[in-house]
Amino acid sequence: MRGAGRTGGVRGLGAGVNLLALRSHNTALVLDLLRTAGPDGISRLELAERTGLTPQAVSKITARLREDGLAAEAGRRASTGGKPRTVLRLVPEAGHAVGVHLDRDEVRVVLVDLRGAVAGERRAPLDLGAGAGAVLAAVTGAVRETAAGVLSAVPGAEAGALAGAGSLLGVGVALPGPLDHTRGVLHRVTGFPEWDGFPLREALAERLGVPVVIDKDTNAAAVGLAAGGGGGSFAYLHLGTGLGAGLVIGGSVHRGARTGAGEFGHQVIQLDGPPCTCGNRGCVEALCLAAVARGDTEEAARVLGAGAANLVGLLDIDIVLLGGRTVGAAPEPFVRGVGAVLEARARRTGQDAVPVRVAAGGARVVAAGAAQLVLGPVFGRGDG
């Protein structure tokens, strides 16, 4: 990733945590168990039993994690024989990740610790059509302010670099698609064709001096929801300045062969319908946003429900989760309206109705999910 080692990046954000060590598969297994064990911790013997590693290997890994400040003793636990076992816990503040939600009209930035708890947050207006220079400057400034407000206060921090407790692992950026998640390159963002082909990941990494991951806003939210326990198969429908879907199938985000899956808003459901910014007519997004604009929430929910019913029929998902600022402004009518369409479909097909709920996380669900794009690989989860 070009520019990762340049000066002039995020001042005070060092590499106290050994990233190569964190990317070790065995280390990730141990870290994930430390994370899920919570503050009560877990013993080395339990770590060996659950990972299948030898006690010697576990001892080496945990010694390195303690040396890097990622693990610490959490007391002792009575043993069935012999001396009490030392219990280890994850040190959440030993590493952080930044999540950026880059929307069409605003930017939201969150800083989270290793458990995903939000430690800092910024939100500011932004015009995605203002040009690459202005947008990059706004994102870079917001990331610097958010990180510096928390990490600079970490004990032992020095100008130019922080000790292990203040290390920033990377920045995840989520924005409307379509885009190439693998290469970090934008495609023709709906309504903003000037971004087509722009290497956003490379440009931000050069300015920030840390690793950057790029994904669609809906995928990022789905990653965060799955990490928070939303396993199985679900669709996250995001209704804000646009409309899209994040799809989780069998516990993993489905991006598609060209990372273009989830363009939910641009399925045509009315052939002679109103024009959409994507160039088609009668898209779910166009119909839904038009209903929202004229204050007809019930109609917007009905249209959203029609699109959700198509997804349920195609993918046989377990649950539909709703989010985005428009849903957040009137959650009950949207849950009720989408649910009614799915219940009517269930009666026709003789199947159980798929439940509809508001996604956890509120207004920061996308930004927090973007941070999980960075944290996921640290704990051996592939959706990063």
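Leu136, Val139, Thr140, Val143 and Arg144 in helix α5 meet Leu200, Ala203, Leu204, Arg207 and Leu208 in helix α6. Here, contact means heavy atoms within 4.5 Å. This is a predicted model, where local features need pLDDT of at least 70, side-chain atom pairs count only at pLDDT 80 or more, and totals for chains, interfaces and linings use all residues. Residues are numbered from 1 along each chain as its sequence is written, and side-chain values use heavy atoms, with hydrogens and water left out.

**Helices α5 and α6**

- The contact of α5 with α6 has seven nonpolar, one polar and two charged residues.
- Ala, Val, Leu, Ile, Met, Phe, Trp, Tyr, Cys and Pro count as nonpolar, Asp, Glu, Lys and Arg as charged, and the others, Gly among them, as polar.
- The axes of α5 (residues 132-151) and α6 (residues 200-208) come within 10 Å and cross at roughly 50°.
- That makes α5 oblique to α6 (under 35 degrees is roughly parallel, over 145 roughly antiparallel, 65 to 115 roughly perpendicular, and the rest oblique).
- Axes are lines fitted to C-alpha atoms, for helices over the stretch in contact, and angles run from 0 to 180 degrees between N-to-C directions.
- The α5 and α6 crossing is right-handed (the near helix is turned clockwise from the far one by less than a right angle).

**Helices α9 and α11**

- The axes of α9 (residues 297-315) and α11 (residues 331-349) come within 8 Å, crossing at roughly 45°.
- These two helices are therefore oblique to each other.
- Their crossing is right-handed.
- Among the residues in contact are Ala301, Leu304 and Ala308 of α9, and Phe334, Val338 and Leu342 of α11.
- By class, 12 residues of this contact are nonpolar, four polar and two charged.

**The nonpolar core**

- The largest nonpolar core has 32 residues, and Val100 and Val171 have the most contacts inside it.
- Such a core is a set of buried Ala, Val, Leu, Ile, Met, Phe, Trp, Tyr and Cys residues joined through side-chain atoms within 4.5 Å.
- Its largest share, seven residues, comes from α5.
- Beyond its neighbours within four places in sequence, Val171 contacts residues including Val100, Val143, Leu208 and Val374.

**The whole protein**

- The protein has 12 helices and 15 strands (DSSP runs numbered from the N terminus: H or I, at least four residues, for helices; E, at least two, for strands).
- Of its 384 residues, 50% count as buried (under 20% relative accessible area, with a 1.4 Å probe and protein chains only).
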